[in-house]
Amino acid sequence: MKLSDLCKRNRSFLEARDDYDNARAVLLGAPLDITSSWRMGSREAPQAVRDASEGLEEYSPRLDRSLSDCAFYDAGDLLLPLGNLSGSLNRIGQAIRVIAGDGKVPFMLGGEHLVTLPAVQAMAELFPSLVVLQFDAHADLRDDYLGEGLSHATALRRICEVVGGRSVYQFGIRSGTKDEFQYGHSHTNFFPFDVAGSLRSCLPGFVERPVYVTVDIDVVDPAFAPGTGTPEPDGIQPSEIFESLAILKELQVVGCDIVELAPPYDTSGITTMLVAKMVRESLLALTRAASPVGS
Ligand SMILES: [Mn+2]
């Protein structure tokens, strides 16, 4: 199936090129929020981020690089059969397979955190030594949530089953059950609270490997990012997330996503603007990196 058969295109992200064939990265909205355990609304995030991007400069002083120098395409939002969870996840995986199969970096905008699972499954088929980096307030390591194995609260547990816990790195975690923290400490590379310093300290472990990066916006403190389904106090400042995203240019990032922005709770628009700026900085960092492994 063609990507255009799976998506609906609307207004594009700032400076996106209308040229899929020559794009290095492809933005893709995954507006799924049906397993959100508390507050829904993340399905509205991809289009809200595109709208907010109009308020950004295309130049990044931190990276000294402009979006106009960056070949990326905005594929629009996936058409998902909401209410059909497995059908929705299958469609996400299908689209990621098309993009990555064309040698491009898929950059997905959630949606809830469960959208990361089919993306990682698809990427791990193409890149068997895939490493997953997660920036998040929550461990997302439950084995089930209310008896369901597929939930945004179980996303990273399922991902551990795909790539192996030793290939999963979790940064900024400050919330979860005691079982989740024990599982994290014994099965994954688990770094509670800290993000940028821990990321830098473990770079040698995966600098030669293909990396998938998943950023849950709730890793940032709710003072700066209130527009999310499950805000968790005691988080990092935006400067630490931007410092961490800049490090991506040293890695072989083959895919990434930013999830869990929920515009209905973002009355001032600051969370949406933060995510738009994170998209800009990530695009600039990862398209400057070396070609992905295997491409
Ligand atoms: Mn999460």
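1. Nine strands form an open sheet with mixed pairing, in the order 1-5-2-6-11-10-7-8-9. Strands here are DSSP runs of E with at least two residues, helices are runs of H or I with at least four, and both are numbered from the N terminus. Two strands pair if DSSP finds at least two bridges between them. The edges are strand 1 (7-8) and strand 9 (189-192), each pairing on one side only.

2. A word on the model before going on. This is a predicted model, in which local features need pLDDT of at least 70 and side-chain atom pairs count only at pLDDT 80 or more, while totals for chains, interfaces and linings use all residues. Residues are numbered from 1 along each chain as its sequence is written.

3. Strand 7 (residues 131-135). Five of its five residues are buried, so strand 7 is largely enclosed by the rest of the structure. Buried means that 20 or more other C-beta atoms lie within 10 Å of the residue's own; exposed means 12 or fewer, and partly exposed is in between, with C-beta atoms placed from the backbone. V131, L133 and F135 point one way from the strand, and V132 and Q134 point the other way. With strand 10, strand 7 pairs in the parallel sense over five bridges, and F135 stands opposite V215 there. With strand 8 (residues 168-173), the pairing is again parallel, over four bridges, and L133 has Y169 as its bridge partner.

4. Strands 10 and 11. Strand 10 (residues 210-216) and strand 11 (residues 252-259) run parallel and are joined by seven bridges. Helix 9 lies across strand 2 (25-30), strand 5 (72-78), strand 6 (105-110), strand 10 and strand 11, and runs at about 175 degrees to strand 11. Axes are lines fitted to C-alpha atoms, for helices over the stretch in contact, and angles run from 0 to 180 degrees between N-to-C directions.

5. The nonpolar core. The largest core has 92 residues, of which V26, L28 and M123 touch the most other members. A core of this kind is a set of buried Ala, Val, Leu, Ile, Met, Phe, Trp, Tyr and Cys residues joined through C-beta atoms within 7 Å. Helix 9 (residues 270-286) supplies the largest share, nine residues. Leaving aside neighbours within four places in sequence, V26 is in contact with F72, Y73, A75, I99, K104, P106 and F107; contact means that C-beta atoms, placed from the backbone, lie within 7 Å.

6. Helices 3 and 4. Helix 3 (residues 85-101) packs on helix 4 (residues 116-126) at an angle of about 40 degrees, with the axes 8 Å apart. The residues that meet include I92, I96 and A100 from helix 3, and L117, A122 and M123 from helix 4. By class, this contact has 10 nonpolar, three polar and one charged residues. Here Ala, Val, Leu, Ile, Met, Phe, Trp, Tyr, Cys and Pro count as nonpolar, Asp, Glu, Lys and Arg as charged, and the others, Gly among them, as polar.

7. Helix 5 (residues 155-163). Seven of its nine residues are buried, and the helix is mostly covered. Just after helix 5, G164 takes a positive phi of about 90 degrees.

8. Backbone spots to check. The peptide bond from G110 to G111 is cis, with omega near 10 degrees, and G111 lies in the loop between strand 6 and helix 4. D234, a residue other than glycine, has a positive phi near 75 degrees; D234 lies in the loop between strand 10 and helix 8 (238-247). E260 also has a positive phi near 75 degrees, in the loop between strand 11 and helix 9.

Notes
Contact = placed C-beta atoms within 7 Å.
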